[in-house]
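Here are my notes for you, written as numbered points. Have the model open while you read, and look up each residue as it comes along.

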Amino acid sequence: MRKFTIIKILLLFLSPLLFAQTTLVVTGGSATLDGVITNGEYTSTPLVTPLGVTIYAMNDGNFFYLAATWADTTHSIAKKQWFFDGTNWTQSGNEDRLSFIFDMGLNDPDGANCATMCHGDGLMRTNNGLVDVWHWKSHRSNPMGYSDDKYWDTNDRQSDPGTSSATGNGPDPTNGLPEFMAFNDPGANVDFLINPSDIGDFDPFGVLPGTFDQSENFDGGAAFVNGDVIPGYVLRTPDGDRASVMAAGKWDNGVWTVEFKRRNLGSAFDFSVPSGGTVD
């Protein structure tokens, strides 16, 4: 008989950040990362947080799986999107985000909660110890198939070793314009950029794998027309420990569903998920 793992999760949900402490039973089984929870795919009893997020968790002995689904009518995936009005370029828009925070040995009496990690100086840090953070972003990480893997220590938010899935696309400090655009088609979104008009399926634009080399320096004299858009980030497949958490998210009929997968044995920066026992 497979043993169960008990895991306590601190959930950050959308922006602004909201908090809910939960306890979830992790059962045996595996899932297909496609942003869809099919009948019978998850064996764990779902847990519904006070924020209305339904969470599932499983472990097949090699990989730890998490899934979260919640109602969200915003469909926000246009973080810092550039828009051309025929004369000027301006930036606007935001993105939906989801984070899991895992206790890696905090010694604070407050535990892994807002009283421990939210500070008036704008920093997210612990008073004593580390927390592992899986930060999924609908615009910057979802199309690449990963969740940004970070940790928080007593100083601030830190990134695991490796490269991230996104780099900012300006504004250029010399002229306030985007820094990059697509090859050969300056008036439209192409594969390396996210088209914000549709994210109905996981990786709907064929950007896997992606690299920064699929863009070129912005040409202010290119033939842009009123209504053209350029995303605010250039995407690529992350590497190193930043790429240890695979993820797939799908927005459908006002509901986000995001699935996560990571090996049980991670680095010193990662929360360890054993195949049995309890985790606090």
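1. Start with Asp148, which forms a salt bridge with Arg242, the closest N and O atoms being 2.8 Å apart. A salt bridge here is a side-chain nitrogen of Lys or Arg within 4 Å of a carboxyl oxygen of Asp or Glu. Asp148 sits in strand β10 and Arg242 in the loop between β18 (239–240) and β19, so this pair ties together parts that are 94 residues apart in sequence. Strands (E, at least two residues) and helices (H or I, at least four) are DSSP runs, numbered from the N terminus.

2. A word on what you're looking at: this is a predicted model, where local features need pLDDT of at least 70 and side-chain atom pairs count only at pLDDT 80 or more, while totals for chains, interfaces and linings use all residues. Residues are numbered from 1 along each chain as its sequence is written, and side-chain values use heavy atoms, with hydrogens and water left out.

3. Which other residue does Asp148 meet in a salt bridge? That's Lys137, at 3.1 Å from N to O. This pair also links distant parts of the chain, with Asp148 in strand β10 and Lys137 in strand β9, 11 residues apart. Lys137 is buried, its relative accessible area being 8%, and Asp148 counts as buried at 7%.

4. Now step back to the salt bridges as a group. The structure holds five of them. Through shared partners, salt bridges join Lys137, Asp148, Lys150 and Arg242 into one network.

5. Another pair to find is Glu95 and Arg140, whose side chains meet in a salt bridge (2.3 Å, N to O). Glu95 lies in the loop between β7 (89–92) and β8 (97–103), and Arg140 in the loop between β9 (131–137) and β10 (148–152), so the pair ties together parts that are 45 residues apart in sequence. Are these two buried or exposed? Glu95 is buried, and so is Arg140.

6. Asp72 tells another story. It is buried yet has no salt bridge, and the nearest side chain of opposite charge, Arg97, is 10 Å away. (Lys and Arg count as positive, Asp and Glu as negative; His and the chain ends are not counted.) You'll find Asp72 in the loop between β5 and β6.

7. Stay in that loop for His75, which lies between β5 (63–71) and β6 (81–84). Its phi is near 50°, a positive value in a residue other than glycine. Most residues other than glycine have a negative phi, and most peptide bonds are trans. His75 is partly exposed, at 22% relative accessible area.

8. Asn253 also has a positive phi, about 55°, although it is not a glycine. Look for Asn253 in the loop between β19 (246–252) and β20 (255–263). With 71% relative accessibility, Asn253 counts as exposed.

9. Check the backbone at Pro171 too. The peptide bond from Gly170 to Pro171 is cis, with omega near 10°, and Pro171 is in the loop between β13 (166–168) and β14 (180–182).

10. Last, the overall picture. The protein has one helix and 21 strands, and buried residues make up 49% of its 280 residues.

Terms used. Buried means under 20% relative accessible area, exposed over 50%, partly exposed in between (1.4 Å probe, protein chains only).
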